[in-house]
Amino acid sequence: MSDLAISLHWHRASPELQAGGYSNEHTVQYNNRYDLLVDSAPDWGGHPDNTNPEQALASALSSCHMMTFLALAAKAGWPVASYHDYAEAHLGKNPNGQMSVTRIDLNPVVRFDTGFAVSAEDMAEMQDRAHRYCFIANTLADSVQININ
């Protein structure tokens with residue numbers, strides 16, 4: 001199987017590394033080409049303009065779910081014209097009392113070519129299949145909620 005990697009780069013900007021006295025801002029590089037500025041979530045002192053790991057996790061899940069859905073839809077002959085999602089990571093404490101992403105909500109909106117439609121039941125089944133086959137969802141186990149729109 002493939003090993004898929006990123007490069008992460010952080011450099012201290014303050015004179016010393018002291019609790020509460022340094023920045024978590026860093027760069028994540030994809031494919032030795034694309035740099036993304038990453039920081040803590042704003043509630044944890046990060047800059048709100050930067051991506052944070054929790055958003056990146058929601059993005060990874062949303063992308064994986066969409067790609068899995070499109071593969072299944074193509075096999076089923078569904079003429080998907082567009083797919084949009086609003087993914088939201090929820091922070092909280094897990095059963096062990098540790099901070100974690102306790103749930104990720106996906107809100108996919110699928111549009112088809114004119115004249116094609118599927119029932120709500122068929123859409124729910126296809127979204128459920130996409131969730132079951134998505135690599136990232138399988139990694140996260142039970143913390144994903146799919147709200148079909």
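A search of the whole structure finds three salt bridges, a salt bridge being a side-chain nitrogen of Lys or Arg within 4 Å of a carboxyl oxygen of Asp or Glu. The model is predicted: local features need pLDDT of at least 70 and side-chain atom pairs count only at pLDDT 80 or more, whereas totals for chains, interfaces and linings use all residues. Residues are numbered from 1 along each chain as its sequence is written, and side-chain values use heavy atoms, with hydrogens and water left out.

Select Arg103 and Asp105. These residues form a salt bridge whose closest N and O atoms are 2.6 Å apart. Asp105 is buried at 9% relative accessible area, while Arg103 is partly exposed at 34% (buried means under 20% relative accessible area, exposed over 50%, partly exposed in between, with a 1.4 Å probe and protein chains only).

Next, select helix α2, residues 120-133; helices are DSSP runs of H or I with at least four residues, numbered from the N terminus. Within this helix, highlight Arg132 and Asp128, which lie four residues apart, about one turn of the helix. Their salt bridge has its closest N and O atoms 3.0 Å apart.

Arg132 is partly exposed at 39%, Glu125 is partly exposed at 40%, and Asp128 is partly exposed at 34%.

Technical notes:
Helices (H or I, at least four residues) and strands (E, at least two) are DSSP runs, numbered from the N terminus.
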